[in-house]
Amino acid sequence: MGLYTKLPDDILEVDVIIAGGGTAACVVASRLADADTNLSILIIESGPNNYNVPTIINPIFLFTHILPNSNTVIFYKAGHEGGVANREVVVPSGGVLGGGSSVNFLTYSRAQRADFDSWQTPGWSADEMLPYLKKLETYHGPGATEGRHGYDGPIHISSGTYNARRSEDDFIAAAKVLGYPEIVDIMDLDSNNGVQRSMRFISPDGKRQDTAHMYLHPRLNDGKHPNLHVLVESKVIRVLFDNKKAIGVEFQPLAQDGVKSVRARKMVIVSSGALGTPSVLERSGVGNAEILQRAGIDVVANIPGVGENYSDHHLLIYPYRTSLSPNETVDGLVSGRVDPAELIKNHDKVLGWNAMDITGKYRPTESEVDSLGPTFRKFWDRDFKNNQNKPLALMSLINTFPGDPTSIEPGQYLSVSAFSVYPYSRGSIHITGSGLQDILDFKTGFFADAQGIDIKKCVWTYKKQREIIRRMDVYRGEVAAAHPPFATGSPAACIKTEAPLGRDVAPLEYTEDDDAVLEDWLRQNVASTWHSLGTCKMAPREEGGVVDASLGVYGVESLKIADMSIPPLNVAANTNNTAIAIGEKAADIFIRELGLGN
Ligand SMILES: Cc1cc2nc3c(=O)[nH]c(=O)nc-3n(C[C@H](O)[C@H](O)[C@H](O)COP(=O)(O)OP(=O)(O)OC[C@H]3O[C@@H](n4cnc5c(N)ncnc54)[C@H](O)[C@@H]3O)c2cc1C
């Protein structure tokens, strides 16, 4: 099998090197390997191998990957930022073979039609991306709109082996009262403003559908791809150039002293993720000349867009007390009352669950827009009002308390993971020195937009999700410590209740003081949704672009980027599906340019 922790001495040169072995990279490598089995390909991944690791292949262990001692994610730490009450936000990102697809929360979510179209790049419109969205999947869900899904691709999309039907039905009924109907397939690019029973990156028999297991490992193991090589536990330092042509990479094996290098005859593809790719480029001399010179790097190409335009979604998770039973949440597992080894031994059906049974895309009513003030109204009218395809927020139902279980009474909890989309604020990530050990200058930009629109979106989202949950039969009050500290006596204050409030309960009223408390709390608590993107955007060079429509880096030759660095604008979706589709599209482009296959 061509998977190594130390590169064999006889591999000095290959045709194609892929720097990073994450979500998009595994797709690109596999499709290139199929197109020509003689093409030699080397993936270099900084994280460990993921093959058959129980916490990866069994969806239920999803939360373990973001624990502080995790060795499957990279924690990118930002500096102190005013928009987030001077906190240092930490953004986890995939850090294992398979990248984010191997550690993520497995929610299947597709971008909206308007999102791909907004990129305004030939070849990347929604109609042009649909074939790739279909090619990647075998869809087992209910499809409302004909022709929108694929039925013979590597990634199985299904509802998995388990769900908590009572809370699922309850949420759907509560959301309906507020004007958000159940939509059978909200992921068809065109549907919006409703809720769906979750489809997941889980096969019908309960296994995670990451791109390493579904694309790469089968080819490494089938004996038919002898020229496909994967080096793990080795970090790419930089791309090597001959004049302006990319001819290889320099890398640091984590368990060995000394820097190594390997040459690429035809192409180098950087696929280290939106937070990893910019530093690889900058250490190679491709980036903003001033930043490079400050870091002591010789400039190969002055491309000021590298590391700029960072965006994410703005996440808040709101927990609630419930009347659910132990088999309807994963609180037992998260708090250590359930033994994971027993679940595995018994092939328990719960292993194939991600504890998130509902997803949804939501827009405010016109009167809710008015309640957010005249500046918000101006932006809404300009960017959303007449484009019914664009939601303002996405929300998922999580069947657990996802924080520190010792901070709450043992019990059964529900949480809403709520994130606003299309952020106006932008951040950046840059190197400060030439080595891997030099800290990165990372700004998330969260809530930094001058007009304060991004925080208003989260104000609306907070109120909306709370109204839905208050109408659920299983609702028993908020977990007050994880909600804004509204004044005692305010109608908005958190409550405990022993009985449901009913679907027709009157909406909560928020005073100006409550709104101030809410905004302050949002700044202190907003977090990453792990949907980093945009740091090497695909756009004209004079508009801050880093790659062209064929993913070629401006100013140099034979250097490509294929990962979530390239979307110029954000998408109203969890981003894994878009990353895989980018991998599929990139592979087609590279196969054509390399003259492979037919
Ligand atoms: C905790 C978490 C939960 C998420 N939940 C969901 C979800 O439920 N649904 C959804 O749709 N999306 C989700 N996402 C987002 C989604 O998984 C990512 O957008 C997607 O995986 C990004 O793919 P990528 O190819 O751009 O980068 P990645 O998959 O992150 O791949 C980059 C790879 O490069 C490697 N690397 C970095 N630097 C170097 C270097 N210098 N040398 C060598 N290798 C390097 C990394 O280790 C990584 O494996 C989640 C992400 C995370 C982290």
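Which residue in S23 is the bridge partner of Val270? Hold that thought, everyone, and I'll come back to it after the overview.

What we have here is a predicted model, where local features need pLDDT of at least 70, side-chain atom pairs count only at pLDDT 80 or more, and totals for chains, interfaces and linings use all residues. Residues are numbered from 1 along each chain as its sequence is written.

Let's start with the whole chain. It holds 16 helices and 23 strands; these are DSSP runs numbered from the N terminus, with helices being H or I of at least four residues and strands being E of at least two. The radius of gyration, taken over C-alpha atoms, is 24 Å, close to the 25 Å from the globule rule for 598 residues, so the chain is as compact as a globular protein of that length. That rule is 2.2 Å times the number of residues to the power 0.38. Along the principal axes, the C-alpha trace spans about 70 × 55 × 45 Å. Buried residues make up 55% of the 598, where buried means 20 or more other C-beta atoms within 10 Å of the residue's own, exposed means 12 or fewer, and partly exposed is in between, with C-beta atoms placed from the backbone. Among contacts with a separation of 6 or more, 73% link residues 24 or more positions apart; a contact means that two C-beta atoms, placed from the backbone, lie within 7 Å.

Next, the domains, whose bounds come from an automatic or database domain assignment. Domain 1 takes 1–149 + 205–312 + 426–447 + 530–598, and domain 2 takes 164–197 + 314–420 + 449–525. Their centres, over C-alpha atoms, are separated by 31 Å. Domain 1 brings 30 residues to the contact and domain 2 brings 32. On the domain 1 side, those residues divide into 18 nonpolar, nine polar and three charged. For the classes, Ala, Val, Leu, Ile, Met, Phe, Trp, Tyr, Cys and Pro count as nonpolar, Asp, Glu, Lys and Arg as charged, and the others, Gly among them, as polar.

Now to the strands, and back to my opening question. Two strands pair if DSSP finds at least two bridges between them. S12 (residues 260–270) pairs with S2 (residues 13–19) in the parallel sense over six bridges, and Glu13 stands opposite Arg263 there. S11 (residues 245–253) pairs with S12 in the antiparallel sense over four bridges, with Arg263 as the bridge partner of Gly248. S11 and S12 form a hairpin with six residues between them, and Gly258 in the turn has a positive phi of about 90°. Finally, S12 runs parallel to S23 (residues 559–561), joined by three bridges. The answer, then, is Ile561, the partner of Val270 in S23.

A second pairing joins S8 to S16 (residues 358–362), antiparallel, through four bridges. Gln196 stands opposite Thr359 in S16. From S8, Gly194 and Gln196 point one way, Val195 and Arg197 the other, and all are buried.

What about the ligand? Its shell has 45 residues, and Gly20, Gly22, Gly99, Gly100 and Asn576 come nearest; a residue belongs to the shell if its C-beta atom, placed from the backbone, lies within 6 Å. By class, the shell has 17 nonpolar, 25 polar and three charged residues. Among the elements supplying at least two shell residues each are H1 (23–35), H3 (100–103) and H16 (576–593).

Those three helices turn up again with H7 (residues 211–221), whose buried residues pack against H1, H2 (54–57), H3, S7 (155–157), S9 (228–231) and H16. Eight of the eleven residues of H7 are buried, including His213, Tyr215 and Arg219. Gly223 follows H7 with a positive phi, near 70°.

Asn86, at about 65°, lies in the loop between S4 and S5 and counts as exposed, with 11 C-beta neighbours inside 10 Å. Leu189, at about 85°, sits in the loop between H6 (165–177) and S8 (194–197), and is buried, with 24 other C-beta atoms within 10 Å.

Last stop: Ser428, in S19 (residues 428–431). Ser428 is partly exposed, with 19 other C-beta atoms within 10 Å. Beyond its neighbours within four places in sequence, Ser428 is in contact with Gly307, Glu308, Tyr310 and Lys443.
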